[in-house]
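Thanks for coming. Please have a look at it first.

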Amino acid sequence: MSTRMGVAGVGLGAVAGLAWACGLRSWMEALAGPESTFTWATELGVLVPAAAAGALLGYAASLRLGGRPLSRWLVLSPLVTAAVLVVPGYLVDLLTRGLGSGALLVPMIAMATAYALASGGRPWARALAGALGAAGFVGIAVLPASMQPGLGAGTPQGFFVIVQGLSLIAVFSAAAAIPYGPTRSRLGGSA
């Protein structure tokens, strides 16, 4: 893998992570309704970890395309998006009021789905991961209506928010699958 390819993969991954985080933040705003506020702490807590996770997944993609071995630690890259939970105030809110639990649930859904779809692991483990991922997708679909009465699937805005949430988790799941599977050289391509 050339240095240029690695830098491009990291950079593209970081930009993709930022774009995904911006979409996720607007989805969160729709769910919270008028109580949603924008603060620098919130924005940095969403944008920076998502850019870092995207950069790690972009690095994994560069390694795969270059035929290089991947560290198995890269499968944990999506968890970087939950980094905001280590901030003391956010951690207290999570433990006492459940606020911010989505910061952990979203990457877990993506990782479970990625494992089920991309792993060569044990069939029972893939089936369990697939069931957990599918339950997460169902949760994402019903969450808008449970948080805001006007966001049911029968309203244009509700339908949009549901599709937005499902597509965001699908894209994250696809990205989370990057560290799994064979590299390009094992697929018969040139390195």
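The protein has six helices and zero strands, where helices (H or I, at least four residues) and strands (E, at least two) are DSSP runs numbered from the N terminus. Along the sequence the pattern reads α-α-α-α-α-α.

Before going on, some notes on the source. This is a predicted model, in which local features need pLDDT of at least 70 and side-chain atom pairs count only at pLDDT 80 or more, while totals for chains, interfaces and linings use all residues. Residues are numbered from 1 along each chain as its sequence is written, and side-chain values use heavy atoms, with hydrogens and water left out.

Of the 191 residues, 38% count as buried. Buried means under 20% relative accessible area, exposed means over 50%, and partly exposed lies in between, with a 1.4 Å probe and protein chains only. Taking contacts with a separation of 6 or more, 67% of them come from residues 24 or more positions apart; a contact here means heavy atoms within 4.5 Å.

Now the first helix. α1 covers residues 3-32. Its 30 residues should span 44 Å at 1.5 Å a residue, and the end C-alpha atoms are 43 Å apart, which agrees. The expected span is 1.5 Å times one less than the number of residues. After α1 comes G33, with a positive phi near 75 degrees.

Helix α2, residues 40-65, has 26 residues that should span 38 Å, and its end C-alpha atoms are 36 Å apart, which agrees as well. Just after α2, G67 has a positive phi of about 75 degrees.

A8, in α1, is partly exposed at 44% relative accessibility, and its C-alpha is 8.2 Å from that of G58, 50 residues away in sequence.

Next, helix packing. Two packed helices are described by the angle between their axes and the distance between the axes. Axes are lines fitted to C-alpha atoms, for helices over the stretch in contact, and angles run from 0 to 180 degrees between N-to-C directions.

α1 and α6 pack at about 145 degrees, with axes 10 Å apart. Their crossing is left-handed, meaning that the near helix is turned anticlockwise from the far one by less than a right angle; clockwise would be right-handed. From α1, residues including W20, W27 and L31 take part, and from α6, residues including V161, L168 and F172. By class, this contact has nine nonpolar, four polar and no charged residues. Ala, Val, Leu, Ile, Met, Phe, Trp, Tyr, Cys and Pro count as nonpolar, Asp, Glu, Lys and Arg as charged, and the others, Gly among them, as polar.

How do α5 and α6 pack? Helix α5, residues 123-147, meets α6 at about 155 degrees, with axes 8 Å apart. The two are therefore roughly antiparallel, the word for angles over 145 degrees; under 35 is roughly parallel, 65 to 115 roughly perpendicular, and the rest oblique. This crossing is right-handed. F137, I140, A141 and P144 are the α5 residues in the contact, and S173 is among those from α6.

Finally, S173 itself. S173 sits in α6, residues 156-176, and is buried at 6% relative accessibility. Neighbours within four places in sequence aside, S173 contacts I109, A110, T113, A114 and F137.
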